[in-house]
Amino acid sequence: MSSPSPEGTDEGTDKAAERKVTHSTRHAGAWIGIGVLLALLALALLYLYLGWQVGTGSEISAAGYFAMIVGGLVTLALGIGLMALIFWGRKID
C-alpha cells in the first residue's frame with residue numbers, strides 16, 4: 001500500500017519533469033546512434049574505395065555492372081519492404 005503524498009507536492013509536475021529528462025536523453029541517444037552509423041558508412045565506403053584501387057587491372061563486363069546494379073536495387077527494395085512491414089505491423093497492434 002502506498003502512503004499519501006505530503007501536501008504541497010505535485011506528482012503531475014514530477015512526472016512531466018521525468019518525461020522531459022527521458023525525452024532529451026532519448027534524443028541524445030538517437031544522435032549518437034546516427035553518428036555511429038555514419039561512421040560505419042564512412043568506413044564501408046573507404047573499404048570499398050581501397051578494395052577497388054587494389055583490384056585495378058581486372059575488367060568488369062557490362063553484365064557484371066548490370067548484376068551489381070540489380071543486386072543493389074533488390075537488396076535496397078528488400079530492406080525497405082521489411083522495414084515497411086515492421087512499421088505497418090506495429091500500427092495494427
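Trainee: Which helices each supply at least two residues of the nonpolar patch?

Mentor: In this predicted model, helix H1 (11-54) and helix H2 (62-92) both do. H1 gives the largest share, with seven residues.

Trainee: Let's take one of them. Where is tryptophan 52 found, and is it buried, exposed or partly exposed?

Mentor: Tryptophan 52 sits in helix H1. Buried means under 20% relative accessible area and exposed means over 50%; with 44%, tryptophan 52 is partly exposed.

Trainee: What about the whole chain: how many helices and strands are there, and what share of the residues counts as buried?

Mentor: You'll find two helices and zero strands. Of the 93 residues, 0% count as buried. The chain exposes about 8,700 Å², and carbon and sulfur atoms supply 72% of that.

Trainee: Back to H2, then. Why does H2 lie largely in the open?

Mentor: Because the number of buried residues among its 31 is zero.

Trainee: And how far apart are the end C-alpha atoms of H2?

Mentor: They are 45 Å apart. At 1.5 Å a residue, the helix should span 45 Å, so the two values agree.

Terms used
Residues numbered from 1 in each chain as written. Predicted model: local features only at pLDDT ≥ 70, side-chain atom pairs only at ≥ 80, totals over all residues. Heavy atoms only, no water. Helix = DSSP H or I, 4+ residues; strand = E, 2+ residues; numbered from the N terminus. Buried < 20%, exposed > 50% of the residue type's maximum accessible area, 1.4 Å probe, protein only. Areas by Shrake-Rupley, 256 points an atom, 1.4 Å probe, with all protein chains shown as cover. Expected span 1.5 Å × (residues − 1).
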